[in-house]
Amino acid sequence: MLQLGDEAVCFSALFLLLMLGTRSAVGASVLTAFLYVFMAMFRFAPLPQHQAGLVLRAAARPAGGIAAVAHRGGGHDAPENTLAAIREASRNGATGVELDLSFTADGVAVLMHDQTLDRTTNGSGPVSQVRFAQLRRLDASIHHRLKDRYSGEKVPTLQEAVEECIRHQLTIFFDVKDEPDKAASALHGMYKKFPVLYNTSLVSSFEPKVIYKMRQTDPQVVTALTHQPWRLSRYSDGTPRSLSTWGQMWTGVLDILLDWAHHHILWKLCGVSAIFVQKDFISLDYVQYWAERGVEVVGWTVNTAVEKSFYQHLLKIGYITDSLLEDCDSNY
């Protein structure tokens with residue numbers, strides 16, 4: 001949790017910004033007080049550190065080790081978000097897998113990262129417009145570099161993936177992009193059906209509303225916010241999302257505000273136990289900043305031997321990787 005000094009600095013800074021914007025000390029005071037009361041009334045208390053630690057330690061087997069979590073099941077080593085990827089990740093020494101949740105037109109929870117089928121299957125169009133029976137007929141290996149080895153691999157349901165992970169004793173990082181109500185309901189069903197998940201999984205998202213809804217639905221689930229600085233203004237390769245100077249300036253301002261909110265308000269409102277951060281923005285000081293607040297840091301996507309050594313021996317924090325076997329390009 002934020003310490004008293006942190007809260008004082010946070011709300012003092014907010015008051016000054018509001019006063020500059022409103023040019024009214026009274027207005028700034030009222031808005032600041034409103035936000036403080038809102039936070040006090042509606043924030044979720046974080047889970048006890050020892051409880052959240054069960055999940056993060058489970059992802060760091062053996063005891064004292066560093067968690068190596070296969071991104072999308074290890075999308076470089078096997079077709080991403082498939083049962084084959086989960087099995088391959090286990091064989092290759094992963095301690096956990098990160099899996100992406102999506103929904104078909106008839107409401108079936110499945111594993112899929114993209115909103116569309118085109119990149120990973122021989123289908124096309126939005127996942128949300130395809131019924132599960134149609135989705136099941138697609139080949140999820142068709143565009144993978146090892147497609148001959150995994151030919152015919154299917155898109156699995158959420159339950160099939162959970163059962164496979166439990167079978168291989170893998171920690172699960174559920175990644176949710178949107179549809180907070182559907183996602184919270186589907187995941188809550190999995191936690192009730194497989195109670196072992198409370199100590200062997202967590203739910204993460206870029207969207208605070210997803211995490212907040214998950215905490216509302218089931219306060220005992222370990223959660224994490226995912227953060228990438230400059231995500232609103234730039235693509236993963238660093239190129240601007242907007243071609244206009246005004247658009248770049250505006251989205252840059254929004255990025256600064258979002259970064260501040262993640263580090264001072266949103267994490268506490270949601271009561272998260274961890275924060276997943278793009279690898280290039282993590283340092284020892286950054287890890288210490290969150291450690292003082294009882295929050296674990298996990299880096300993504302860490303794909304070279306040099307980077308992995310840095311995380312294992314210097315930062316000593318868990319990381320998410322596309323491959324357990326070799327260096328590869330990042331698959332954002």
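Start by selecting helices H4 and H6: their axes come within 10 Å and cross at roughly 15°. Here helices (H or I, at least four residues) and strands (E, at least two) are DSSP runs, numbered from the N terminus. An axis is a line fitted to C-alpha atoms, for helices over the stretch in contact, and angles run from 0 to 180 degrees between N-to-C directions. H4 and H6 are therefore roughly parallel to each other; angles under 35 degrees count as roughly parallel, over 145 as roughly antiparallel, 65 to 115 as roughly perpendicular and the rest as oblique.

Before moving on, please note that this is a predicted model, where local features need pLDDT of at least 70, side-chain atom pairs count only at pLDDT 80 or more, and totals for chains, interfaces and linings use all residues. Residues are numbered from 1 along each chain as its sequence is written, and side-chain values use heavy atoms, with hydrogens and water left out.

Now show the side chains between the two helices. Leu 83, Ile 86 and Arg 87 in H4 meet Glu 160, Ala 161, Glu 164 and Cys 165 in H6, where contact means heavy atoms within 4.5 Å. This contact divides into 4 nonpolar, no polar and 3 charged residues. For these classes, Ala, Val, Leu, Ile, Met, Phe, Trp, Tyr, Cys and Pro count as nonpolar, Asp, Glu, Lys and Arg as charged, and the others, Gly among them, as polar.

On the H6 side, select Leu 158, Gln 159 and Val 162; on the H7 side, Ala 186, Leu 187, Met 190 and Lys 193 make the contact. By class, there are 5 nonpolar, 1 polar and 1 charged residues in this contact of H6 with H7.

Stay on H7 and bring in H8 (residues 208-217), whose axis comes within 9 Å of that of H7, crossing at roughly 40°. H7 and H8 are therefore oblique to each other. From H7, pick Pro 180, Asp 181, Ala 184, Leu 187 and His 188; their partners in H8 are Lys 209, Val 210, Lys 213, Met 214 and Thr 217. The contact of H7 with H8 holds 5 nonpolar, 2 polar and 3 charged residues.

Two backbone stops come next. Select Arg 72, in the loop between strand S1 (68-71) and helix H4 (83-91). Its phi is near 55°, a positive value in a residue other than glycine. Then go to Thr 301, in the loop between strand S8 (296-300) and helix H11 (305-315). A cis peptide bond joins Trp 300 and Thr 301, with omega about -20°.

For the last stop, which residues line the second largest cavity? Select Glu 80, Asn 81, Thr 82, Leu 111, Met 112, His 113, Thr 120, Ala 140 and Val 155 to see its lining. That lining divides into 4 nonpolar, 4 polar and 1 charged.

Conventions
1 Å grid on protein atoms, 1.4 Å probe; cavity = no way out; pocket = protein on both sides within 12 Å on 5 of 7 lines; lining within 4 Å.
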